[in-house]
Structures are given as structure tokens and as C-alpha cells.
Amino acid sequence: MFKLVINEFNKYFNRLGTYMMLVIIVAFMLLGTFLGMKFSSADNSKEYTSNWKTEVKQDIEKYHQRLATIAKKKEDNKSLNDITDEATLGEKIQKLEFYLKEDVQPPATNNFYQTLLDTNGFISFVTIMIIIICSSLMSREHQQGTIKLLLIRPASRLKIFFSKYIFAILVSFIFLIFTYGMTALISLFSTKMNPSATLAVSGRKGLKMINVYDVLGQQLFANLLFIVTFATIAFVLSVIFKNTALSLGVTFALMFFGDLVVMFLSSKTKLVEWIWPANWDLSKYLPTNSSELVDKDLSFAFSLSYDIVMLIVILTVAAWIFNKRDVAN
């Protein structure tokens, strides 16, 4: 089994395409960082000193005055900056007042820990890369005719099947850690370090203080399960269809339209919690997520259990099909 997994690593990590995916991830990160620095205002680079309480109070007063000035203007006379400040300054005031109340020094607006947590929004892009890899894990063998050479090995079909699936999980983990690692590396040079590991975030129940390391661990787990879920779906479909394009297309359709289906069904039935797309993203249970759940009966434990059961079911079906399939032709 171990040699089969290593064989998969050799096949995929000896290809230029795999490294190009990693380069593309870094390129988009650098582009986002550059654009953020290019178009950020002076206020976005503000950093508080040891006299932070006085500075925070001054900023709160300044923001209130700014909002009062905007409120006196007619809607037709408001500039783009006026509209932007009107939409964002209220939240900034609430967050600064919360830091004062909790006696915690606020970080710079562009700070290291928040940037690291914001990597969560980049996971869908990483998932696309993993889907591209896993959609060809088995179908490529059929399309190139190498499946027969693979099956004449002394290893059983199930060993071959699960060695490829283990590789799918490992490559998902590698891409996830690479993404967060590159975010941390780039952020060391482009953001301000936080004064502490305590951060105020907006959740479903309003502002709350979190320990960044605790939430980061939860976020990494949720992101890994999300990526592994789609890696599994892509792999299973590549086994069933024996066609890379078809497995790729169906997996992308599930990924991009799953949320739309959930939103549509949530207004029609309370049974929406029993469909997979409503459960496969565990990051919605993180304290950093402020959006409402589609069903109040949903919970982290329920969604995690549902995901595990579904992964086992589709893997079992795919393993059975692969074990029984006639590849003589």
C-alpha cells in the first residue's frame, strides 16, 4: 500500500502542472496583497501604541464626527468615500468600543492574525485545484490504457483503490498547509503584528473575543474536511464515469450550485438540513462567521457526522464498482 501511494506522489509531483497550481495560488495571494496595499487608505495602516486607550477614544470621536458630517449631506451630494465611510464606520466604532470594554489593545487594521484567518475565503480556489487533480486519479488510467498494467500488479484492486484515495487526502492536506503557510509568509512582510493573540470578531450573536490559535485550529479542520469532501467526490466520480471531463464537470457543478440549491430549498422545506450541500462546509460554525444558518437545527456535530457518513457511503459504492468492474475491454 505504501509503495502504491508513493507511486501516486511520483506521478503527480513529477508533473509541471502540479507545481503550476501551487504557483497560481501564490500569484493570486501576491496580487491580492498588492491590490490591498495599492488602494488602501492611511487609516487602514493605523497601528496603536502603548497609549492605545487614549488613541482609541480619539478615533471613536473622529469617526462619530465624520458620520455626523456625512449625515448632513444630501444623498445626491455624497461622494464614493462618503458612502463607503457611512457603511463601514459604524462597525469600526462598535469594534473599538468593544476593545475598550474588554480592556484589550486593538490590532492594526491590516494585521497578521486577521489576514491569516481571512485565508478561509481562499479555500474554494484551493479546492478547485484539488478537484482538477482528483478528477483524473482513476479516469486517467482508463483513458490512457494504463489501468490494465496497474491491475496486473500483485496488489489487490481495493489496495489500488485506497492507495489513490489516500493520495487524494494527502495532497489535499499538502495544498491546505501550503496555502496557509504562504499566507503567513507573505503577511510577515505586508501586515502589522498583533499586540496579542486575542482578537474581536463579528459572529452571529454580535462581537466576541476569540483566541486566534484556537479558532485557527478549528478553521484548518473545517477547511481540510471541505477540501477532502470535494476531493472524494471528484475521485469517486472518476472511478464511476472513467472520464476526467465528466467527473470534473459534475464536481464543479456540485461545488458552485450546491449553495444555490440550499438557499432555494430552505424557503420551501425544513428538511434542507438533510441534504449534503447544507452540511459540507463546517466553517459556517466558526465564531468568525456572522451569516445565519439555513436551518437553526443544524449543528457542528450533526454536520460532521453527516459528512463522515456520506463520505463512507460514496467511497463504499465506488470501491465496490471498481472491484467488480470488468476492464478487459
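This is a predicted model: local features need pLDDT of at least 70, side-chain atom pairs count only at pLDDT 80 or more; totals for chains, interfaces and linings use all residues.

Trainee: Which residue does Lys78 form a salt bridge with?

Mentor: With Glu86, and the closest N and O atoms are 3.0 Å apart. Glu86 is partly exposed, at a relative accessible area of 38%.

Trainee: How many salt bridges does the structure hold?

Mentor: Twelve. One of them pairs Lys73 with Asp82, at 2.9 Å between the closest N and O atoms. Here Lys73 is partly exposed, with 33% relative accessible area, while Asp82 is buried at 2%.

Trainee: And what does Glu8 meet in a salt bridge?

Mentor: The side chain of Lys164, at 2.8 Å from N to O. That pair links distant parts of the chain, since Glu8 sits in helix α1 and Lys164 in helix α9, 156 residues apart. Both Glu8 and Lys164 are buried. Shared partners also join Glu8, Lys11, Glu141 and Lys164 into one salt-bridge network.

Trainee: Switching to helices: at what angle do α9 and α12 pack?

Mentor: About 135°, with the axes 9 Å apart. That makes α9 oblique to α12, and their crossing is right-handed.

Trainee: Which residues make that contact?

Mentor: On α9 they include Phe161, Phe162 and Tyr165, and on α12 they include Leu315, Ala318 and Phe322. The contact residues divide into nine nonpolar, one polar and two charged.

How values were computed. Residues are numbered from 1 along each chain as its sequence is written. Side-chain values use heavy atoms; hydrogens and water are left out. Axes are lines fitted to C-alpha atoms, for helices over the stretch in contact, and angles run from 0 to 180 degrees between N-to-C directions. Helices (H or I, at least four residues) and strands (E, at least two) are DSSP runs, numbered from the N terminus. Angles under 35 degrees count as roughly parallel, over 145 as roughly antiparallel, 65 to 115 as roughly perpendicular and the rest as oblique. A crossing is left-handed if the near helix is turned anticlockwise from the far one by less than a right angle, and right-handed if clockwise. Contact means heavy atoms within 4.5 Å. Ala, Val, Leu, Ile, Met, Phe, Trp, Tyr, Cys and Pro count as nonpolar, Asp, Glu, Lys and Arg as charged, and the others, Gly among them, as polar. A salt bridge is a side-chain nitrogen of Lys or Arg within 4 Å of a carboxyl oxygen of Asp or Glu. Buried means under 20% relative accessible area, exposed over 50%, partly exposed in between (1.4 Å probe, protein chains only).
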